[in-house]
Amino acid sequence: ATLQQAVFMAGGNTRALVLIHSLEGLLHQKAGKSGAADKAFERALATDDTAPPALSRYAYALAQRGERLKDAEQMARKANELLPGQAEYQMQLGWVLYQQGDYQEARAWLQRAFDNDGRESPVILEQLGDTLYQLDKTEEAVEYWKKARLAGDRASALQQKIEQRKLVE
């Protein structure tokens, strides 16, 4: 209801509408409602198909589900081309690449995200650890997982990764 009110209040403000629909997509994604999430992201992109927040967040949602990864990669790359140097977008492209099994390029993009204000992000730190683990760099992976923990990630799966020194999905 709040988001519907926000859409009404946004009127014809394209930027606001893109952000509102993208937020709606993220909320549905987090609630496990992938169909509703996709519809919300598609509304955002129908409003402006060159909006980096919508492109990148939709790509990330698809990557989290392991769906339409080629489409996700195209969207994430486009977001990074349109608005380069954004840690959030770099991380999201890195995660899409990780989900595709391209760990070398995923590491490069996650490292960029880390270098661009991502040093305190538990998500970026954990994803870097996961990627390093996939590249047979277990010691480095554990160090990044520990940093993610210190940065505020309290998930039990992260603690298991640290204790077992391996990926726990």
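Predicted model: local features only at pLDDT ≥ 70, side-chain atom pairs only at ≥ 80, totals over all residues.
Residues are numbered from 1 along each chain as its sequence is written. Local features need pLDDT of at least 70, side-chain atom pairs count only at pLDDT 80 or more, totals for chains, interfaces and linings use all residues, and side-chain values use heavy atoms, with hydrogens and water left out.

Trainee: Are α8 and α9 roughly parallel or roughly antiparallel to each other?

Mentor: Helices here are DSSP runs (H or I, at least four residues), numbered from the N terminus. The axes of α8 (residues 122–134) and α9 (residues 138–150) come within 8 Å and cross at roughly 165°. Axes are lines fitted to C-alpha atoms over the stretch in contact, with angles from 0 to 180 degrees between N-to-C directions. Angles over 145 degrees count as roughly antiparallel, so α8 and α9 are roughly antiparallel.

Trainee: Which helix gives the largest share of the lining of the largest pocket?

Mentor: A pocket is an open set of points on a 1 Å grid where a 1.4 Å probe fits, with protein on both sides within 12 Å along at least five of seven lines; lining residues have an atom within 4 Å of a point. α4 (52–65), α6 (87–99), α8 and α10 (156–164) each supply at least two lining residues. Five residues, the largest share, come from α8.

Trainee: Which helix gives the largest share of the lining of the second largest pocket?

Mentor: Leu26, Leu27, Gln29, Lys30, Tyr60 and Gln64 line the second largest pocket. α2 (14–30) and α4 each supply at least two of the lining residues. The largest share, four residues, belongs to α2.

Key: Parallel < 35°, antiparallel > 145°, perpendicular 65-115°, else oblique.
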